[in-house]
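Here are my notes for your first read of this model. Keep the structure open beside them and find each residue as it is named.

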Amino acid sequence: MINSTSNKQIKNLIQLQAKSKVRKEQGLFVTEGIKMYREVPERRLIKTYVSESFYNKEENRKLLEGISERNLEIVADHVFEAAADTKTPQGILCLVKQEEYVLDDILNDKKPLLLLLEDIQDPGNLGTIFRTAEGAGITGIIMSSKTADIYNPKTIRSTMGSLYRMPFLQVKEFEPVLDELKKREIRTYAAHLQGSVDYTAEDYTGGSAFMIGNEGNGLSEKLASQADVYIKIPMSGQLESLNAAIAAAILMFEARRQRG
């Protein structure tokens, strides 16, 4: 059992929780909670850490059946709390291998339904978008390099497991991606304040991609100008725009409705 926060493994877990750079260097990330443990693909699970009090409960030991002793570490409660990112940890966290996708993985569908995310900053928003995207049938998400880290602990929790199942790609420039979308006749739709077309008036049953911009500034002119259509979500009152995750959800579920 690990009894000290000075333990090398615990120090590494804390670093992985706190620093995007460390996660990128190691190609690993940390997930917390029973749900995220149950859903992690076995081939990506590197190691599981449980608190002493968690392990002492019979129902929890049954949950861990099948894990070799080499891949399971029991940790003193106070040490586990130091390693966890949540204020009230459930007592289980996992070290998981990051998944690597290429553009062909994202476009591996006859009629792709995509999200292009530009500089989404809030980890909770990003995680919510991933979770909603899975529910709406999105086939892949492409993000700008300045978008929040998908492996941020808050983002991971907000995905509620969708992180394991939703193909995604982070790119430095959207131009090569947009060129490929045009070659494949995938239409692009910019959610934009200058949009003149009601989002419900467009046909999303073919290959389609929604562009969603930064929470504060929306889409950059550079990216928006390359869209096939500017669309808008009509609103009452004096609001100009919606939260990025909410706007994305409205568009995604309209596409899902049309696709039946």
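This is a predicted model: local features need pLDDT of at least 70, side-chain atom pairs count only at pLDDT 80 or more; totals for chains, interfaces and linings use all residues.

1. Which residues have the most contacts inside the largest nonpolar core? They are Leu-115, Leu-117, Ile-141, Phe-168 and Phe-210, in a core of 48 residues. Several elements give two or more residues to this core, including helix 3, helix 8, strand 5, strand 6 and strand 10. Helix 12 gives the largest share, seven residues. In soluble globular proteins, nonpolar side chains tend to be buried together.

2. Look at Leu-115 in detail. Set aside its neighbours within four places in sequence. Leu-115 is then in contact with Ile-129, Ala-133, Ile-138, Gly-140, Ile-141, Ile-142, Phe-210, Ile-212 and Met-252. There is also a second, separate core, with 19 residues. Leu-181, Met-211, Leu-223 and Ala-227 are among them.

3. Now take Ser-208, which sits in strand 10. Is Ser-208 buried or exposed? Its relative accessible area is 1%, under the 20% cut-off, so Ser-208 counts as buried. Beyond its neighbours within four places in sequence, Ser-208 is in contact with Pro-112, Leu-113, Leu-114, Ile-186, Arg-187, Tyr-189, Asp-203 and Arg-259.

4. Turn to charge. Side chains of opposite charge can pair when their charged atoms come close. How many salt bridges does the model have? The count is 12.

5. One of these salt bridges joins Arg-157 to Asp-85, with the closest N and O atoms 2.9 Å apart. This pair links distant parts of the chain. Arg-157 is in helix 9, while Asp-85 is in the loop between helix 6 and strand 4, and 72 residues separate them. Arg-157 is partly exposed at 32% relative accessible area. Asp-85 is partly exposed too, at 36%.

6. Lys-222 and Glu-173 form another salt bridge, and their closest N and O atoms are 3.6 Å apart. Why does this pair tie together separate parts of the sequence? Lys-222 lies in helix 11 and Glu-173 in the loop between strand 7 and helix 10, so the joined parts are 49 residues apart. Glu-173 is partly exposed, with a relative accessible area of 43%.

7. Compare a local pair. Glu-254 and Arg-257 meet in a salt bridge at 2.7 Å, N to O. Both lie in helix 12, three residues apart, which is about one turn of the helix. Glu-254 is buried, with a relative accessible area of 8%, whereas Arg-257 is exposed at 57%. Elsewhere, salt bridges that share partners join Lys-35, Glu-39, Glu-134 and Arg-165 into one network.

8. The model has one cavity of 30 Å³ or more. The largest cavity holds about 50 Å³. Which residues line the largest cavity? They are Gln-17, Val-30, Thr-31, Glu-32, Met-36, Pro-153, Ile-156 and Arg-157. By type, the lining has four nonpolar, two polar and two charged residues.

Key. Residues are numbered from 1 along each chain as its sequence is written. Side-chain values use heavy atoms; hydrogens and water are left out. On a 1 Å grid over the protein atoms alone, a cavity is a set of points where a 1.4 Å probe fits but cannot get out, and a pocket is an open set with protein on both sides within 12 Å along at least five of seven lines; lining residues have an atom within 4 Å of a point. Grid points are joined across faces, edges and corners, and a volume is the space filled by probe spheres set on the points. Ala, Val, Leu, Ile, Met, Phe, Trp, Tyr, Cys and Pro count as nonpolar, Asp, Glu, Lys and Arg as charged, and the others, Gly among them, as polar. A nonpolar core is a set of buried Ala, Val, Leu, Ile, Met, Phe, Trp, Tyr and Cys residues joined through side-chain atoms within 4.5 Å. Buried means under 20% relative accessible area, exposed over 50%, partly exposed in between (1.4 Å probe, protein chains only). Helices (H or I, at least four residues) and strands (E, at least two) are DSSP runs, numbered from the N terminus. Contact means heavy atoms within 4.5 Å. A salt bridge is a side-chain nitrogen of Lys or Arg within 4 Å of a carboxyl oxygen of Asp or Glu.
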